Amino acid sequence: MGGLGFARWAREVQAQERDLGVFFDAIVVCSVTGSTQAGMIAGFADEGKGRRILGIADRKTIDAIRLCARLEGVLTDPVYEGKSMAALIDLIQSGRIEPGSRVLYAHLGGQPALNAYAGAF
C-alpha cells in the first residue's frame with residue numbers, strides 16, 4: 001500500500017514540476033523496507049527522462065542531523081531522514097551529484113522520533 005502511495009506521489013511531483021518549470025535530476029529518500037523507493041521508481045518509470053531515485057541507508061546520521069537543523073532549520077530523525085540527509089550531503093561533497101543539479105529531498109517526517117534521541121544532541 002505504501003509503495004502505491006508513492007507511485008501516486010510521483011505523479012504529484014511531475015505535476016508540480018510542470019507548474020514550476022523545473023525537473024529534478026535526482027530524488028533522495030531514505031530506504032528502509034524498500035516500499036517507498038519502489039513506489040517512487042514505479043511512479044516515474046514511464047517518464048523516460050533519466051531521473052535517479054537514490055534510496056539511502058547511511059551511517060553519518062548524527063552529524064547530518066545537526067548540520068541540517070543548524071543551517072536550514074529542518075529537523076530530521078536518526079531512524080530515517082537523518083540517514084538520507086547524511087547521504088545527500090556525501091553525494092554532493094563527493095561530486096556524485098554534480099553542481100547545478102536539481103535535487104528533490106523527500107522528507108517523510110520522523111521529527112517525533114527525535115525525542116527518543118535527546119541525549120545524542
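In what order do the three strands of the open sheet stand, and is the pairing parallel or antiparallel? The order is β2-β1-β3, and the pairing is parallel. This is a predicted model, in which local features need pLDDT of at least 70, side-chain atom pairs count only at pLDDT 80 or more, and totals for chains, interfaces and linings use all residues. Residues are numbered from 1 along each chain as its sequence is written, and side-chain values use heavy atoms, with hydrogens and water left out.

Strands (E, at least two residues) and helices (H or I, at least four) are DSSP runs, numbered from the N terminus. Two strands pair if DSSP finds at least two bridges between them. β2 (52-56) and β3 (103-105) are at the edges with a single partner strand each, so one side of each has no neighbour in the sheet. Strand β1 (residues 26-30) pairs with β3 over three bridges; Ala-26 has Val-103 as its bridge partner in β3.

Two packed helices are described by the angle between their axes and the distance between the axes. Axes are lines fitted to C-alpha atoms, for helices over the stretch in contact, and angles run from 0 to 180 degrees between N-to-C directions.

| Helices | Angle | Axes |
|---|---|---|
| α1 (residues 2-20) and α2 (residues 35-44) | about 45° | 7 Å apart |
| α3 (residues 61-72) and α4 (residues 81-93) | roughly 85° | within 8 Å |

Angles under 35 degrees count as roughly parallel, over 145 as roughly antiparallel, 65 to 115 as roughly perpendicular and the rest as oblique. Therefore α1 and α2 are oblique to each other, whereas α3 and α4 are roughly perpendicular.
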